[in-house]
Structure formats: structure tokens, C-alpha cells
Amino acid sequence: MAKSTIYGLHAVETALRNDADNLGQIWLDKRSRNDRLKKLEKLAAESGLQTIPADPERLDKMAGHNRHQGVVAEYYKLKSYTENDLYDLLDALEETPFLLVLDGVTDPHNLGACLRTAEGAGVHAVIAPKDNAASITPTVRKVASGAAEVVPFIPVTNLRTLDTLKERGVWLTGTSDKAKQNLYQADLKGPLALVMGAEGAGIRRLTEERCDFLISIPMQGQVSSLNVSVATGVCLYEALRQRQSQA
């Protein structure tokens with residue numbers, strides 16, 4: 001497997017706790033007295049992994065910037081998921097499917113934030129187009145704070161995946177300012193794929209036409225819309241609230 005790098009306290013700690021077999025060497029800022037770095041060093045030792053003291057300048061070079069929080073690690077690439085993996089996952093579920101579809105989100109920071117929120121809300125998988133959309137990168141992993149290592153991220157080639165989800169009984173609920181009902185009026189308790197659109201443009205026309213329902217987020221101020229990662233968090237947690245209420 002090809003190696004990449006991850007950086008940041010959350011991302012490296014999550015990898016150590018959940019996927020240590022795919023970690024290689026770990027470089028720690030030798031000048032730092034941060035207690036969390038000492039905790040990472042202990043976790044690495046318990047997993048039989050080597051930590052290497054490094055100057056901050058070297059860490060900057062490996063990460064490509066200075067926002068690494070004093071830790072950079074070798075990481076073997078995440079498992080590549082395919083559309084068939086999505087259907088296998090759905091077949092194996094013992095609970096109501098809860099999916100997130102990102103229709104062309106291009107900013108890696110937004111993708112990372114969406115993954116982090118999706119993991120926190122209990123989403124089973126995140127689906128996105130292969131083309132003209134952000135993919136998993138070190139920046140995404142850093143922002144996701146470990147969620148990229150936990151939530152299956154499934155790139156798909158075309159919209160037929162949405163049709164197949166519908167055939168499997170999953171309701172597609174898209175976000176749009178054309179919606180006739182808002183988020184809090186909608187029923188989000190059943191088998192759900194929440195469809196969020198790209199930054200600025202929203203969901204594409206063909207995607208919108210495949211949605212069973214459209215919902216909007218009520219806006220009370222002068223700003224007309226929310227950042228996609230913030231909107232995703234609002235919608236996912238309303239869906240989670242409804243699902244927990246039902247349970």
C-alpha cells in the first residue's frame with residue numbers, strides 16, 4: 001500500500017486507537033512539552049510504534065504547513081470503498097440506514113468537517129461523486145479529527161447509485177431553498193440519505209430530481225444560507241434527534 005501522512009493531535013490519536021496497524025513512524029516536536037504529545041508517545045509505545053523527535057521546521061516541511069500541532073505520522077492509505085461495499089454495508093445493517101450524500105463538495109475543509117459531524121451523528125457511510133469533488137487528503141483527515149478513519153467514504157461514478165438506494169427503500173431527502181417544508185417539519189426517522197449540495201451552487205438539478213423530498217433550513221437573519229458543513233451538522237443532528245425520540 002502507498003503511504004501518506006496525517007498530522008494533528010486528534011487525527012493521530014484516533015489512528016493509534018483504531019487503526020494502529022496502518023501507522024508507520026511518528027514524528028513529535030522535540031521542543032514541545034505538551035502533555036497530549038506525551039500521551040501520544042505512550043500510546044505509540046504501547047502499539048509497538050517508533051516515535052522520532054523532530055524540529056518544528058521538519059514537521060512544517062512534512063505537513064506542508066505549521067498547523068500540525070507538533071505531530072506528523074506515516075499512514076498507509078485508507079481502505080478504498082466501492083459502490084458494492086455500500087450495498088454490502090446496507091445488507092449487513094441491523095438498524096435503519098442513515099447515510100449522507102455530498103453532491104460535489106470541493107473544499108477539503110468542508111469535507112473534513114462533514115465527515116467529523118457524520119461520525120458524531122452515527123451516519124453509516126458518506127457518499128460523494130468521484131469527479132469534481134474533494135477526496136480524502138491529509139488536510140481532510142486533519143479537519144475530520146479521526147472520523148475519516150472510521151466512517152466509510154464511498155466515491156461513486158454517477159447518479160445511478162441514488163436510484164439503487166431508492167430501490168432499496170432508502171428515502172432521498174435533499175436540501176434546497178425550493179423546498180415546501182423546512183427541516184423541522186420533515187420526517188427524518190426512516191431509512192434516510194440526506195443529500196447536501198456543493199458550496200454556493202447547492203445540489204445539482206439531476207440530483208434534486210431524484211430526491212423524494214426537499215427540505216430547507218429556516219433562516220431568521222439577513223444571511224441567506226449557511227456553510228455546507230454547518231448546514232450538514234444542523235440537518236444530521238435534527239435527524240438524529242428524531243431517530244432517538246422514536247427509539
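**Binding-site residues, cores and sheet of the predicted model**

Ile217 is placed in the loop between strand S11 (213-216) and helix H9 (228-246); helices (H or I, at least four residues) and strands (E, at least two) are DSSP runs, numbered from the N terminus. The structure is a predicted model, in which local features need pLDDT of at least 70 and side-chain atom pairs count only at pLDDT 80 or more, while totals for chains, interfaces and linings use all residues. Residues are numbered from 1 along each chain as its sequence is written, and side-chain values use heavy atoms, with hydrogens and water left out.

The UniProt annotation "binding site", from an unreviewed entry, covers Gly197, Ile217 and Leu226. These residues span 30 residues in sequence, yet no two of their C-alpha atoms are more than 13.1 Å apart, so they gather at one spot. UniProt positions are given in the numbering used here, feature names are shortened, and annotations may be inferred rather than shown by experiment. When neighbours within four places in sequence are left aside, Ile217 is in contact (heavy atoms within 4.5 Å) with Leu226, Ala231, Val234 and Cys235. Leu226 also lies in the loop between S11 and H9. With residues up to four places away in sequence not counted, Leu226 touches Ile217, Met219, Ala231 and Val234. Leu226 has a relative accessibility of 36% and therefore counts as partly exposed; buried means under 20% relative accessible area, exposed over 50%, and partly exposed in between (1.4 Å probe, protein chains only).

An open sheet of 7 strands shows parallel pairing in the order S7-S6-S5-S10-S8-S11-S9, where two strands pair if DSSP finds at least two bridges between them. Strand S7 (153-156) and strand S9 (181-182) stand at the edges with a single partner strand each, so one side of each is left without a neighbour in the sheet. Strand S8 (residues 171-175) runs parallel to S11 and is joined to it by 3 bridges. Opposite Thr173 stands Phe213 in S11.

A further annotation from an unreviewed UniProt entry, "domain: RNA 2-O ribose methyltransferase substrate binding", covers residues 5-81. This span is 39% helix and 26% strand, and its end C-alpha atoms lie 20 Å apart. Strand S2 (residues 23-29) pairs with S3 in the parallel sense over 4 bridges, and Ile52 in S3 is the bridge partner of Trp27. From S2 the chain crosses through helix H2 (residues 35-46) to S3 in a right-handed β-α-β crossover; right-handed denotes that, with the strands pointing away from the viewer, the path from the first strand over the helix to the second runs clockwise. On strand S3 (residues 51-54), Ile52 and Ala54 form a covered face, whereas Thr51 and Pro53 form an uncovered one.

Of the 10 residues of helix H1 (residues 9-18), 7 are buried, so the helix is largely enclosed by the rest of the structure. The covering elements include strand S1 (3-7), S2, H2, strand S4 (71-76) and helix H6 (138-144).

The largest nonpolar core has 50 residues, and those with the most contacts inside it are Leu16, Leu100, Leu102, Leu115 and Val126. A nonpolar core is a set of buried Ala, Val, Leu, Ile, Met, Phe, Trp, Tyr and Cys residues joined through side-chain atoms within 4.5 Å. H9 gives the most to this core, with 6 residues. Domain 1 (2-77) and domain 2 (83-245) both contribute residues, so the core lies between them; the domain bounds come from an automatic or database domain assignment. A second, separate core of 19 residues includes Leu89, Ala125, Leu159 and Leu162.
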